[in-house]
Amino acid sequence: MRAVTVVPLQKDSVDLTELREPPESDGPVLVQTRAVGVCGTDLEIISGEYGWAPPGEDRLAIGHESLGQVLEAPDGAGVAPGDLVVAIVRRPDPVPCPNCAIGEWDMCRNGRYTEWGIKEHHGYARERYRITPDFLVKVDAALGNLGVLLEPTTVVAKAWDHIERIGRRSEWKPQTVLVTGAGPIGLLAALLGVQRGLEVHVLDQVTEGLKPDLVSALGAHYHHGAVADIGVEPDVVIECTGVGPLIFDVMDHAGANGIVCLTGVSSGGRDISVDVGMLNRRLVLENDVVFGSVNANRRHYEAGAEALAGADQQWLGRLISRSVPLDRWHEAYTRQPTDVKVVLQFDEGAPA
Ligand code: BGC
């Protein structure tokens with residue numbers, strides 16, 4: 001079968017290659033891939049900065065934002081042939097650590113987890129895969145192709161889950177949220193903020209086009225320029241760019257008892273000068289919390305599926321700014337300035 005594969009850590013080794021059929025040992029459920037979303041992590045893997053092949057193999061099939069259709073499933077699997085499904089990215093470490101032992105692999109303590117399409121296991125940018133049903137999440141058939149947005153939604157569902165847990169350390173009635181970055185993660189974080197009835201502000205660099213339109217269509221406020229010019233001291237900040245100076249800027253502008261959640265992965269290699277003493281003083285005197293958030297567990301997939309089902313489907317459809325058929329696969333991995341979410345379509349006959 002065909003798969004988009006790379007030799008990890010080897011720049012530009014990405015190609016559409018033949019890959020053996022998925023082994024039975026991967027699980028009893030056989031899924032046909034319909035679409036995979038492309039994200040920054042895929043581009044990092046393609047540029048040779050990240051990624052691990054399965055043990056004993058040279059190439060890794062990439063793709064971790066999946067949407068598929070069940071082809072075969074044993075009785076009692078909880079999914080049946082024809083069901084639309086999304087596969088979970090991370091698998092618990094084999095030890096397992098205390099978090100993996102209770103299904104919180106997103107909080108793995110020893111780093112020995114695997115991530116399908118990223119770390120030591122083939123991903124979903126291949127025509128078929130096998131899996132155990134406990135790592136599959138059924139999506140509402142009404143969502144159709146929009147189900148491919150589930151994995152990025154789980155990332156922000158986890159961020160919101162943890163923000164709310166931290167908020168419960170005291171009386172907490174948040175009103176305003178600042179999201180930095182209007183890419184798919186930022187826009188989905190904003191969607192979940194609006195769904196919580198909060199006043200949502202989104203900051204990005206672009207001045208026009210799809211991103212500001214999508215923010216306004218949510219009923220949120222779009223800004224470009226400096227954080228200081230927004231004129232709010234947000235109760236919550238969800239930082240989705242990983243841009244160093246912006247990270248310090250949002251820490252500096254969060255309101256009292258502010259919670260700043262960092263979701264963007266920075267590339268490093270850039271020095272900036274920061275007055276750590278002043279920053280510490282502000283964080284301490286205002287009870288601020290700054291924390292990082294990555295990946296998602298099953299609970300977040302379920303929350304994400306609920307958030308997508310409750311969202312305006314037309315709005316979600318606009319988030320997918322480009323759908324690329326498999327035979328033009330390389331176009332999906334070439335960034336264009338107007339991109340929001342790009343999807344590689346394995347099944348062209350699928351309803352949009
Ligand atoms: C994925 C996460 C993963 C992370 C680090 C992200 O792009 O959405 O599931 O944990 O990369 O590998």
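The model is predicted, so local features are taken at pLDDT of at least 70 and side-chain atom pairs only at pLDDT 80 or more, while totals for chains, interfaces and linings use all residues. Residues are numbered from 1 along each chain as its sequence is written, and side-chain values use heavy atoms, without hydrogens and water.

I begin with the sheet. Strands (E, at least two residues) and helices (H or I, at least four) are DSSP runs, numbered from the N terminus. Two strands count as paired if DSSP finds at least two bridges between them. In general, strands of a sheet pair through backbone hydrogen bonds, either parallel or antiparallel.

Let us now turn to strand E12. How many residues of E12 are buried? Five of the five are, so E12 is largely enclosed by the rest of the structure. Buried here means under 20% relative accessible area, exposed means over 50%, and partly exposed lies in between, with a 1.4 Å probe and protein chains only. Thr176, Leu178 and Thr180 point one way from E12, whereas Val177 and Val179 point the other way. Thr176 counts as buried because its relative accessibility is 11%. Leaving aside residues up to four places away in sequence, Thr176 touches Glu199, Glu233, Pro234, Asp235 and Val236, where contact means heavy atoms within 4.5 Å.

The neighbours of E12 follow. Five bridges join E12 to E13 in parallel; Val177 has Val200 of E13 as its bridge partner, and Leu178 has His201. E12 also pairs with E15 in the parallel sense, over four bridges, and Val179 stands opposite Ile238 in E15. E13 is mostly covered, with four of its five residues buried. Three bridges pair E13 with E14 in the parallel sense, and Val202 has Tyr222 of E14 as its bridge partner.

Next comes helix H6, residues 244–253, where Leu246, Ile247, Val250 and Met251 are buried. Why do they lie on the same side of H6? They cover an arc of only 140 degrees around the axis, which puts them on the same side; the arc is that of the directions from the helix axis to the C-beta atoms.

Finally, the aromatic residues. Rings of Phe, Tyr and Trp (its six-membered ring) pair if their centres lie within 6.5 Å; planes under 30 degrees apart count as stacked, over 60 as edge-to-face, and the rest as tilted. Trp105 and Phe135 form a tilted pair, 5.2 Å centre to centre with 50 degrees between the planes. Trp105 lies in the loop between H2 and E8 and Phe135 in the loop between E10 and E11, so the pair ties together parts that are 30 residues apart in sequence. Both Trp105 and Phe135 are buried.
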